[in-house]
Amino acid sequence: NLSLGSASSGGTKDASMPGEFGQVCSYATVLKMVTPQGKCIEINESEPELLRIARSSYGLFGIIYEVTFKVRPAQSLALRHKTYTLGEFIQTLPALTNRPDTEQESMMFYLFPFLNEIAVEFRKYIDNTPTKPTGTWQWKLRNWTWKNLAPGVGYILTRFIPFKTIRYKLVDFFNQKVQLVLERILKSPSGTSATDQIIRYPHQSTWTKYTFSIWAFPEEKYSEILPAYFQFCRNYYQQHGYRCNMLNVAYRILKDDNSLFSYSSAGNVMTLDPVSTGDPGWEDFITAYNEFCSNLGGVPLFNQTRGITPSQARAAFGSRLDKFETYRQQYDPDNRLLNQYFRERLSPSAPHQVD
């Protein structure tokens, strides 16, 4: 559930299709907004650097009321899944990322730290012309699982089974069945509708709600990052008795410097994205997870990475924060739109580590 104003001025996450960006704001070409002084302005491609910064403005420049995006006719997507052990995935990863352009596929990952396995969702365009898709029911099943079944199972097991050993054995059992369905059932080589993968969540959350937090890492370091993260999850559970009651996911996002706070501005990245129903212990886990990711040089999304500290934001974005603040003050000198969250993270006094 995403407004066009938010899509054009903030961070989004999805695995990049071959040759494309994984962030919606990169395709915004015109932003029309009302400044805090009540002036209507337009930012467009005639000012590329200003547009680049406005794509990461998070509503701090003004209220966006009209957006123009680059679009094209939807194409049919081929869909498949494959499950790897952690060792198999690390060995296979270079071959997956270094394939010729004509063989590249979008990759989303389902991570299972306590099963030591990864399931990969591969997507690619079938051809360059729109086709009539045939795989609608596969996306419906996948989306129903994400929207209702997976968070519902996590919520029920957490609430009604106090014994953690039994609870998490059942979580692992459920995750194993998810892997089986992904690989054997959720596939459509003949084509699916690109828009059928969109999940429409309710505006008012229910007991099947869930939450997440995302960090991105350089693709070339991911073979080291991923095993370290699996070990981090296991160590945290041993020490604190908490682990996510849902699976983890991750994405491959191609290099994209079209917005100032892009998490793939320096090159291709892959992410970590733990998912939970927000059960007791989640907040403390996220605090430790953020520290783990920041120490390994990760880059967060301001609107989809929960609990990042000013120092972690400074370590990830450095002088980009100062550049943004210079522009922001031009549009909002009286700080009418500046909230406490960004006030703390845009402060030049926030300490940061230098590698």
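**Exercise 1. Overall form.** What percentage of the contacts in the protein with a separation of 6 or more do residues 24 or more positions apart account for?

*Solution.* This is a predicted model, in which local features need pLDDT of at least 70, side-chain atom pairs count only at pLDDT 80 or more, and totals for chains, interfaces and linings use all residues. Residues are numbered from 1 along each chain as its sequence is written, and side-chain values use heavy atoms, with hydrogens and water left out.

Step 1. Contact means heavy atoms within 4.5 Å. Of the contacts with a separation of 6 or more, 76% join residues 24 or more positions apart.

Step 2. The protein has 10 helices and 12 strands; these are DSSP runs (helices H or I, at least four residues; strands E, at least two), numbered from the N terminus.

Step 3. The radius of gyration, taken over C-alpha atoms, is compared with the globule rule, 2.2 Å times the number of residues to the power 0.38. The protein has 21 Å, close to the 20 Å that the rule gives for 355 residues, so it is as compact as a globular protein of that length.

**Exercise 2. A helix pair.** Describe how helix H4 (residues 136–160) packs with helix H5 (residues 164–184).

*Solution.* Step 1. Two packed helices are described by the angle between their axes and the distance between the axes. Here the angle is about 170 degrees and the axes lie 10 Å apart. The axes are lines fitted to C-alpha atoms over the stretch in contact, and angles run from 0 to 180 degrees between N-to-C directions.

Step 1. H4 is therefore roughly antiparallel to H5 (angles under 35 degrees count as roughly parallel, over 145 as roughly antiparallel, 65 to 115 as roughly perpendicular and the rest as oblique).

Step 2. Among the contact residues are Leu149 and Val153 of H4, and Leu170 and Phe174 of H5.
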